[in-house]
Amino acid sequence: MGRKVVSTDQKKNIICLRDTGMFQDQISRQLNISCKCIRQTIRKFDKFRTACTKPGAGRKPKVTERKKRLIKLQQVRDDTLSLTDLARFARTDLNITISQHTISCILRDFNMISFIAPKKPRITSAQRRTRLDWCYEHLSWSINDWSNVVFTDETRFERSQQRVHNGGGIVSVVHKLIYLTYI
């Protein structure tokens, strides 16, 4: 017959059939449920006087909902943290030892997927210096000077970490100019 989950309704049927005077093997054949399951259901009913599963049955979760939210918050605060860093955070700050796989499952529950970001060229120090010089040159521009400029490019560049959660390592910068008019 194999192992299968027995619903509460089926357990109630087992108890009703037992109360009508049927033997356990007859109940087993009629409901297509193993004799062992019939025996356990009757024994639990006699002990607890209910056919429902006892509340709180099973192992308590190691990571509470609050600790899951704290792990998520730590990831949101610094999106460059690896799973190893998050496991270290859980061990030191939350006093729980959990695996990287468990942390990955916790983040997945919050729709935060881990993936390896595609390789893109990094900004060199010369490019960074050139951009900074450009900013200093245009620092004193007035509103009229800026009203003649339209920024339309979208730039993507990679931060220091390869593995990111929910796109945190890729930063998209869109330059937009807002025209101010004075009346």
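These are my notebook entries on a predicted model of one protein chain.

**Entry 1: Ground rules.** I number residues from 1 along the chain as its sequence is written, and I use heavy atoms for side-chain values, leaving out hydrogens and water. Since the model is predicted, I note that local features need pLDDT of at least 70 and that side-chain atom pairs count only at pLDDT 80 or more, while totals for chains, interfaces and linings use all residues.

**Entry 2: The chain as a whole.** I looked up the secondary structure first. The chain holds eight helices and four strands; helices (H or I, at least four residues) and strands (E, at least two) are DSSP runs, numbered from the N terminus. From that end I read the order α-α-α-α-α-α-β-α-α-β-β-β. I then looked up burial, where buried means under 20% relative accessible area, exposed over 50%, and partly exposed in between (1.4 Å probe, protein chains only). Buried residues account for 25% of the 183 residues. For contacts (heavy atoms within 4.5 Å), I found that 58% of those between residues at least 6 apart in sequence join residues at least 24 apart.

**Entry 3: Helix α1.** I checked the length of α1, residues 8–19. Its twelve residues should span 16 Å at 1.5 Å a residue, and the end C-alpha atoms lie 17 Å apart, which agrees; the expected span is 1.5 Å times one less than the number of residues. Which residues of α1 are buried? I list Lys11, Ile14, Ile15 and Leu17. They cover an arc of only 165 degrees around the axis, which puts them on the same side of α1; the arc is that of the directions from the helix axis to the C-beta atoms. Asp9 and Asp19 are exposed on the other side of α1. The buried residues pack against α2 (24–31) and α3 (35–48). After α1 comes Gly21, with a positive phi near 105 degrees.

**Entry 4: α2 against α3.** I looked up how these two helices meet. Their axes come within 9 Å and cross at roughly 115 degrees; axes are lines fitted to C-alpha atoms, for helices over the stretch in contact, and angles run from 0 to 180 degrees between N-to-C directions. Gln24, Asp25, Ile27 and Ser28 of α2 meet Cys35, Ile38, Arg39 and Ile42 of α3.

**Entry 5: Helix α5.** I found Leu83, Leu86, Ala87, Phe89 and Ala90 buried in α5. Seen down the axis of α5, these fall within an arc of 155 degrees, so they line one face of the helix. On the other side of α5, I noted Thr92 and Asp93 as exposed. Asn95 follows α5 and has a positive phi near 60 degrees.

**Entry 6: The nonpolar cores.** A nonpolar core is a set of buried Ala, Val, Leu, Ile, Met, Phe, Trp, Tyr and Cys residues joined through side-chain atoms within 4.5 Å. The largest has 15 residues, and Ile71, Ala90, Leu94, Ile96, Ile98, Ile103 and Leu107 have the most contacts inside it. The elements giving two or more residues to this core are α5 (83–93) and α6 (100–109). Which element supplies the largest share of this core? I found that α5 does, with five residues. Apart from this core lies another, of ten residues, among them Val6, Leu17, Ile38 and Phe45.

**Entry 7: Ser82.** I placed Ser82 in the loop between α4 (65–77) and α5. Ser82 counts as buried, at 18% relative accessibility.
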